[in-house]
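Have your viewer ready and follow along, one selection at a time. Here is the model for our tour.

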Amino acid sequence: MIKVIDKNEVRTRKHRRVRAKISGTSLTPRLCVFRSNKHIECQVIDDTKGVTLASSSSVQLKLANGGNVEGAKEVGLDIAKKCLALKIENVVFDRGGYIYHGRIKALAEAAREGGLKF
């Protein structure tokens, strides 16, 4: 009998591996991304204090279609604007176990265009 592992469990394992190496500090917080079929969201987290400094999502921005690349770009620009308002320029990118492709890549590149450095 073959053991069946769903995609989300595989992603969670990858995320745990990434999180073992990446940690956000108050100087360089962690930009964590979560992607679902309909929406995308991201948070800027200070892991030393355990607090979320800023967040943005396609639900929060009330995008008509947050599950596509254009929606991810808008979320990336919004999180960059919020971080710069909090005087945060450098972040560590946590892709959440997802492949750096498509919506994840679009969000990251839009955040870089918005002024974040990672």
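Which residues form a nonpolar patch on the surface? Select V51, L53 and L86: together they have about 220 Å² of accessible area. Areas here come from the Shrake-Rupley method with a 1.4 Å probe, and for residues only the protein chains shown count as cover. Patch members have over 30% relative accessible area and no salt bridge; like charges are joined within 9 Å, and nonpolar side chains (Val, Leu, Ile, Met, Phe, Trp, Tyr) within 5 Å.

Before moving on, note that this is a predicted model, in which local features need pLDDT of at least 70 and side-chain atom pairs count only at pLDDT 80 or more, while totals for chains, interfaces and linings use all residues. Residues are numbered from 1 along each chain as its sequence is written, and side-chain values use heavy atoms, with hydrogens and water left out.

Stay with L53 for a moment, in strand β3 (residues 51-57). Strands (E, at least two residues) and helices (H or I, at least four) are DSSP runs, numbered from the N terminus. L53 is partly exposed because its relative accessibility is 33%; buried means under 20%, exposed over 50%, and partly exposed lies in between (1.4 Å probe, protein chains only).

Next, pick F93, Y100 and F118, which form one aromatic cluster. Rings of Phe, Tyr and Trp (its six-membered ring) pair if their centres lie within 6.5 Å; planes under 30 degrees apart count as stacked, over 60 as edge-to-face and the rest as tilted. There are two aromatic pairs by this rule. F93 and F118 are stacked, because their centres are 5.2 Å apart and their planes lie at 15°. This second pair links distant parts of the chain, 25 residues apart: F93 is in strand β4 (residues 92-94) and F118 in the segment after α3 (103-113).

Now for the salt bridges, each a side-chain nitrogen of Lys or Arg within 4 Å of a carboxyl oxygen of Asp or Glu. The structure holds seven. Show R30 and D47, bridged at 2.9 Å, N to O. R30 is buried at 7% relative accessibility, whereas D47 is partly exposed at 22%.

Finish in helix α2 (residues 69-85) with D78 and K81, three residues apart and so separated by about one helical turn. Their salt bridge spans 4.0 Å, N to O. D78 also bridges K82, with the closest N and O atoms 3.4 Å apart.
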